[in-house]
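Here are my notes after going through the model.

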Amino acid sequence: HTILIFMQGEVMLIEFRVGNFRSFRDRVTFSMLAAKIVSLPKLLDQQNVFEAGDDTPLLTSAAIYGANASGKSNLITALRFMRNFVLLSTRASVATGGIDVEPFLLNPDTAQQPSTFEVVFRVAGHQYRYGFAATHERITTEWLFRLGARREARLFERDGDTMLLNARLFREGRGLEARTRPNALFLSVAAQFNGEVAGEVVGWFQRLGVDIGLDDTHDRIQAMAMFEQPIYRDAIERLVKQFDVGIDGLLFERGPATLLAHVPAPIMQLLQPAPAPIMQQLQAFFDATIQPGGVPEQIAIHTRHRSYNEQHELVGEALFDMEDQESAGTKRLFDLAGPIVRALHEGLVLAIDEIDARIHPNLVAALVQLFNNPETNPQHAQLIFTTYTTNLLSAGLLRRDQIWFVEKSRQGASDLYSLVEYRVDGKVVRNDASYEKEYVLGRYGAIPLMGDFSGVIGAAHAEAPAQR
């Protein structure tokens, strides 16, 4: 069964490590630990950093830059894979299937080796380090440590089918070794059997938000489900109105589902000439098969817009259908508003791939500022995102340790590094440097390497047959 554990309290990311996964051949570390630096303006050191636990300074946000196909999305995908596998590895549907892990395939050695994932985080007052390594066939290693007053304590460690348990700190795991399949996580099994510590750890993953922006339909359904909840509705509406001046409000509507709303347009074009009785029979068949014994529902979001006469006087309002009549940018804002509001409200970690897709750069900066401002982020939520928007590098918005780069080698392997650790001509990057200008000029790497395009059109014309 899917593990669903809802918790309250701090949910913080400290570090994430991944190796031999997609384009990441070697192990890389992404960190939300704040470096001991002084920024310009100095206000960034107060607003963009918060203390977690025993004087552990963490960052509120981090931006990841890189060229197309450099591996930025693979870092977010790796975090998403780890999250999903922790929550779903005990499902019956996974019992006989392989693990959907993707090693680095451009090297014959790594293609046969396990992929590794590890995360360091805080939840409910405890700091944990959890990770595992997996091939397509099985979990090869798995480990869970918890930070004590002086050092880490091992709760359990797995090597193949061998389990080493801490009899005092992880008693909940005793007797579950035989119940753990080779392709399932021991942590997930322990949580399924109501283990207190395992439940705490799995609860952190359950509250981790990851948006990779590949499925607009899925994102829209999630957004509408959140908008239906009163605890989020007002804040989502205010956020959308603030970022889209043309919208005066949002309206949630439920109604009976229709055949027209669920059949692809090309098929409907073929069906439209059909006589009314046939269409009625198809609708009846749809009602019976989609939701037997009940009434299928259709959910829609409408946007309110003010309408004016020729004298620019307000005369009323018009309702637009979000799906059919709003721009791609407005729909993307609505899709992101729910996860952002929830993260800020509950103090969660949110990772978004290509946050600037279909969104103006100024709005992206405003979204990031929501997390960097203690007034709008009192719960210390954390935002991690990939982007091409370079104006974030010149707006006094991010510290050097909040700026990350992904660069791919000629062998196809991705490397990850932050601006705070980067060296230009052997020297650290100054806090008064023009980050945007130097990045665009290639001083920090992680930009596209342009080829010679001069012959592209000429070659195409040369190959074209002569016109007579």
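1. Terms before anything else: two strands pair if DSSP finds at least two bridges between them. Helices (H or I, at least four residues) and strands (E, at least two) are DSSP runs, numbered from the N terminus. With that in place, W404 stands opposite S418 in strand 18.

2. Some housekeeping. This is a predicted model, so local features need pLDDT of at least 70, side-chain atom pairs count only at pLDDT 80 or more, and totals for chains, interfaces and linings use all residues. Residues are numbered from 1 along each chain as its sequence is written, and side-chain values use heavy atoms, with hydrogens and water left out.

3. Confidence. pLDDT is the predictor's confidence in each residue, from 0 to 100. The chain averages 88, and 85% of the residues score at least 70. Residues 1-8 stay under 50, and for that stretch the model has 28 contacts (heavy atoms within 4.5 Å) beyond four places in sequence. Where pLDDT is low, the predicted coordinates should not be read in detail.

4. Back to the strands. Strand 17 (residues 403-408) runs parallel to strand 5 (residues 61-66), joined by four bridges; I403 in strand 17 is the bridge partner of A63. Strand 17 also pairs with strand 18 (residues 414-418), this time in the antiparallel sense over five bridges. Strands 17 and 18 form a hairpin with five residues between them, and G412 in the turn has a positive phi of about 85 degrees.

5. Helix 5 (residues 216-227). What span should its 12 residues give at 1.5 Å a residue? The expected span is 1.5 Å times one less than the number of residues, which comes to 16 Å here, and the end C-alpha atoms are 16 Å apart, in agreement. Buried means under 20% relative accessible area, exposed over 50%, and partly exposed in between (1.4 Å probe, protein chains only). On that scale, D219, R220, A223, M224, M226 and F227 are buried. Seen down the axis of helix 5, these buried residues fall within an arc of 160 degrees, so they line one face of the helix; the arc is that of the directions from the helix axis to the C-beta atoms. T217 and I221, on the other side of helix 5, are exposed.

6. Salt bridges. Side chains of opposite charge can pair when their charged atoms come close. The cut-off here is a side-chain nitrogen of Lys or Arg within 4 Å of a carboxyl oxygen of Asp or Glu, and the structure holds 22 such salt bridges. One of them joins E118 and R17 at 2.5 Å, N to O. That pair links distant parts of the chain, with E118 in strand 6 (residues 115-123) and R17 in strand 1 (residues 11-19), 101 residues apart. E118 is buried at 4% relative accessible area, and R17 counts as buried at 15%. Both residues belong to a salt-bridge network that links E15, R17, R27, E118, R129 and E152.

7. Another pair to look at is D45 with R399, a salt bridge at 2.6 Å, N to O. D45 is in helix 1 (residues 43-47) and R399 is in the loop between strand 16 (382-386) and strand 17, 354 residues apart. Is D45 buried or partly exposed? D45 counts as partly exposed at 22% relative accessibility, whereas R399 is buried at 3%.
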